[in-house]
Amino acid sequence: MARNIRLSSPAASYMLRLGDGLVILVSGLLALNIRQVLNLPIEFPSNLSGYYSLIAVGALLFSTLSGGVYRSWRGALMPAMLARITGRWLLVVGIILLWLFIFKTSSEFSRVWFGVWVSLGVILLWIERLALYVFLRVLRRRGFNLRHVAIIGSGSAAKNLESRISSAGWSGYSLSKVIANTDKAELEQLAKDSVDEIWLALPLGNETAIRDTLHALRHSTASIRFAPDLFTLRLVNHGVSDILGIPMYDLSTSPMTGVNQFLKWCEDKILSSLILLLISPIMLILAIGVKLSSPGPVFYRQERIGLNGATFNMLKFRSMPVDTEKFGVQWGGSAAKATSRFGQLIRKTSLDELPQFLNVLSGDMSIVGPRPERPMFVEQFKEEIPDYMKKHLVKAGITGWAQVNGWRGDTDLATRIEYDLYYIENWSIGLDLKIILLTVFKGFVSKNAY
């Protein structure tokens with residue numbers, strides 16, 4: 001068996017398309033018979049030709065509308081691949097539903113069966129990909145299906161690439177050569193060598209070296225990729241986007257775009273509505289307590305900076321006398337500020353923050369995100385703390401990664417910002433739910449809460 005076999009050829013793509021089509025067909029047929037196993041309340045007509053046709057259409061659409069599903073995923077992360085496959089299958093499902101709605105034939109099909117088919121489709125597609133993933137990992141660790149790579153560069157980017165290739169044998173990348181200097185003779189020899197890919201790890205500012213390197217490699221048949229030396233910069237959600245047909249490097253971007261923005265919106269609206277419904281009796285009791293403990297309004301409105309630097313009025317249950325800040329505002333020192341006994345209680349237990357779910361419902365805040373700050377302090381901190389303003393790439397939150405890790409109240413702001421940036425760079429619905437659960441168990445009462 002040749003060790004240079006290629007599983008990324010067009011034939012492999014066609015085989016995978018065929019396999020996906022069969023998976024969709026099998027999931028549809030299983031859904032037709034699963035009622036007998038699970039005793040589901042599904043009524044089918046005597047003639048199932050309509051169901052068979054719909055299943056076949058689904059399999060054909062999924063195999064045809066690739067959407068990046070059938071490109072090479074070598075070196076990519078498994079969750080990203082599974083997410084792409086799931087998104088493509090749901091797109092196909094959406095097309096089928098639209099077609100059934102337009103032709104007014106949706107009533108001819110069982111909704112329970114359709115839901116089971118969609119769910120089984122996702123599960124079986126995942127199992128298929130995971131099996132293929134494991135199979136390829138075994139092959140590559142044994143030296144099969146490798147892509148031989150040459151790296152050009154000597155900086156941190158080059159060293160990082162070397163390290164990653166060395167530690168990721170499962171990816172199938174094998175380091176053949178490293179050229180530290182852009183020597184013309186070495187590069188021209190590299191152009192003649194039998195390598196699959198050449199990775200340029202050169203500084204972005206060295207335009208001459210990049211241009212000369214590409215010229216020296218003009219006769220090479222290898223795939224040439226550019227991995228710019230960006231490791232000296234603090235970047236947020238960096239990547240590459242295609243804008244107006246021009247590839248652009250994303251140096252600092254918000255993760256809340258497209259599907260992510262929609263998922264975050266759904267999370268905030270649904271959870272804040274449910275939470276407000278559950279805590280409304282508690283909020284009523286707290287409002288009465290605030291009113292009885294000191295004269296003045298129930299809510300304390302404070303101007304804060306949120307998404308994209310926009311201002312909004314953040315709500316809290318008032319825990320201090322109305323005129324507490326008549327001589328000016330200062331950051332920190334919350335423990336020393338005048339409060340009523342009831343105010344101390346709700347601050348210590350963070351119950352004064354509950355009205356902010358109304359801010360979430362109105363769209364000014366999210367349940368999870370970096371905590372917002374007042375405008376005058378933002379103006380101060382953005383000059384003192386590196387990358388401070390990047391926290392405003394997402395909506396401010398009631399709770400956040402920094403808060404559940406103990407960085408709240410009068411704690412080090414620079415460290416808190418590091419936690420905020422980690423959250424933005426690694427955002428997911430799963431991380432949000434983890435933070436919410438941690439907040440429930442350890443976020444309300446803290447030694448740093450006042």
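## Surface and overall build

The chain has an accessible surface of about 24,700 Å², and 62% of that area belongs to carbon and sulfur atoms. Accessible areas here come from the Shrake-Rupley method with a 1.4 Å probe, and for residues only the protein chains shown count as cover. Keep in mind that this is a predicted model, where local features need pLDDT of at least 70, side-chain atom pairs count only at pLDDT 80 or more, and totals for chains, interfaces and linings use all residues. Residues are numbered from 1 along each chain as its sequence is written, and side-chain values use heavy atoms, with hydrogens and water left out.

Of the 450 residues in the chain, 42% count as buried (under 20% relative accessible area, with exposed meaning over 50% and partly exposed in between; 1.4 Å probe, protein chains only). The chain holds 14 helices and 10 strands; these are DSSP runs numbered from the N terminus, with helices (H or I) of at least four residues and strands (E) of at least two. Take the contacts (heavy atoms within 4.5 Å) between residues at least 6 apart in sequence: 73% of them join residues at least 24 apart.

## Rings that meet

Let's turn to the aromatic side chains. The structure holds 14 aromatic pairs. Rings of Phe, Tyr and Trp (its six-membered ring) pair if their centres lie within 6.5 Å; planes under 30 degrees apart count as stacked, over 60 as edge-to-face and the rest as tilted. One of the pairs joins tyrosine 51 and phenylalanine 109 edge-to-face, at 5.1 Å centre to centre and 70 degrees between the planes. Tyrosine 51 sits in helix α2 (residues 49-64) and phenylalanine 109 in the loop between α3 (78-102) and α4 (111-141), so this pair ties together parts 58 residues apart in sequence. Both tyrosine 51 and phenylalanine 109 are buried. They also belong to a cluster linked by ring pairs, together with Phe62, Trp89, Trp113, Phe114 and Trp117.

Tryptophan 401 and tyrosine 422 make a stacked pair, because their ring centres are 5.8 Å apart and their planes at 25 degrees. Tryptophan 401 counts as buried because its relative accessibility is 13%, whereas tyrosine 422, at 38%, counts as partly exposed.

## Two nonpolar cores

A nonpolar core is a set of buried Ala, Val, Leu, Ile, Met, Phe, Trp, Tyr and Cys residues joined through side-chain atoms within 4.5 Å. The largest one has 37 residues, and those with the most contacts inside it are Phe317, Leu354, Phe357, Tyr423 and Ile435. Helix α8 gives the largest share, 6 residues. Leaving out residues up to four places away in sequence, isoleucine 435 touches Val368, Thr399, Gly400, Trp401, Val404 and Tyr423.

A second, separate core has 32 residues, including Met81, Phe109, Trp117 and Val118.

## One face of a helix

Helix α7 (residues 207-216) has Ala209, Ile210, Thr213 and Ala216 buried. Seen down the axis of α7, its buried residues fall within an arc of 130 degrees (taken from the directions from the helix axis to the C-beta atoms), so they line one face of the helix. An α-helix has 3.6 residues a turn, so residues three or four places apart point the same way. The buried residues of α7 pack against β1 (147-152), α6 (184-192), β3 (197-200) and β4 (223-226).
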